[in-house]
Amino acid sequence: MSTQTVDPKTLDRYECGACGYIYEPVKGDDKHQVAPGVPFEELPQDWRCPVCGAPIARFQNMGPVGNPSGFKQNMGYGLGVNALTPGQKNILIFGGLALAGLFFLSFYGLQ
Ligand SMILES: [Zn+2]
């Protein structure tokens, strides 16, 4: 009485090195019609990050959901801003620019 189904919670999650998106096997990927429960390793080779379009090679293994420490590799001690990927830093920068733009627009909207 054994089933072949794998508990998706035990599957490794992968983080996009470009934008910080995390592929979670539990959820799959709606945008590319990837059903929940599909392991990252079984995604089609032409699968890309649904957020930024980065190829599979840019993704980094974060370990399964039950692994609170995140990355399997030793990340060292530099937590905080240094733990951000370049993509996440870009998001911060662009987010700041977008906010500045909104303030600029609202300023002129009041004239
Ligand atoms: Zn991405």
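Visitor: How many bridges join strand β1 to β3, and which way do the two run?
Guide: In this predicted model, strand β1, which covers residues 13-16, is joined to β3 by four bridges, and the two strands run antiparallel.

Visitor: Which way do the residues of β1 point, and are they buried or exposed?
Guide: Arg-13 and Glu-15 point one way from β1, whereas Tyr-14 and Cys-16 point the other way, and all of them are buried.

Visitor: Which residues make up the largest nonpolar core?
Guide: That core has six residues in all, namely Tyr-14, Cys-16, Tyr-23, Cys-49, Phe-59 and Met-62. Strands β1 and β3 each supply at least two residues of this core.

Visitor: Let me stay with Cys-16 for a moment; what is it in contact with?
Guide: If its neighbours within four places in sequence are left aside, Cys-16 is in contact with Tyr-21, Cys-49, Val-51, Cys-52, Ala-54, Arg-58, Phe-59 and Gly-87. Two of those names, Cys-49 and Phe-59, also belong to the largest nonpolar core.

Visitor: Where does Gly-17 sit?
Guide: Gly-17 has its place in the loop between β1 and β2. Not counting residues up to four places away in sequence, Gly-17 touches Ala-54, Arg-58, Phe-59, Gln-60, Thr-85 and Gly-87.

Visitor: Why does Gly-17 count as partly exposed?
Guide: Gly-17 is partly exposed because it has 18 other C-beta atoms within 10 Å, and a residue needs 20 or more to be called buried.

Visitor: What separates the C-alpha atoms of Gly-17 and Gln-88?
Guide: Those C-alpha atoms are separated by 8.7 Å, although the two residues are 71 residues apart along the chain. Gln-88 lies in helix α1, and it counts as partly exposed because it has 17 C-beta neighbours inside 10 Å.

Visitor: Now the helix: why does its span agree with its number of residues?
Guide: Helix α1 takes in residues 86-109, and at 1.5 Å a residue its 24 residues should span 34 Å; its end C-alpha atoms are 34 Å apart, so the two agree.

Visitor: How many of its 24 residues are buried?
Guide: The count of buried residues in α1 is one, and the helix is hardly covered. Across the chain, buried residues make up 11% of the 111 residues.

Visitor: Stepping back, in what order do the elements of the chain run?
Guide: From the N terminus on, the elements run β-β-β-α, which amounts to one helix and three strands. As for contacts in the chain with a separation of 6 or more, residues 24 or more positions apart account for 60% of them.

Visitor: Which residue has a positive phi although it is not a glycine?
Guide: That is Gln-33, with a positive phi of about 55°. Most residues other than glycine have a negative phi. Gln-33 has its place in the loop between β2 and β3, and it is exposed because it has 7 other C-beta atoms within 10 Å.

Key:
Residues numbered from 1 in each chain as written. Predicted model: local features only at pLDDT ≥ 70, side-chain atom pairs only at ≥ 80, totals over all residues. Pairing = 2+ DSSP bridges. Core = buried A, V, L, I, M, F, W, Y, C linked by C-beta atoms within 7 Å. Buried ≥ 20, exposed ≤ 12 C-beta atoms within 10 Å, placed from the backbone. Contact = placed C-beta atoms within 7 Å. Expected span 1.5 Å × (residues − 1).
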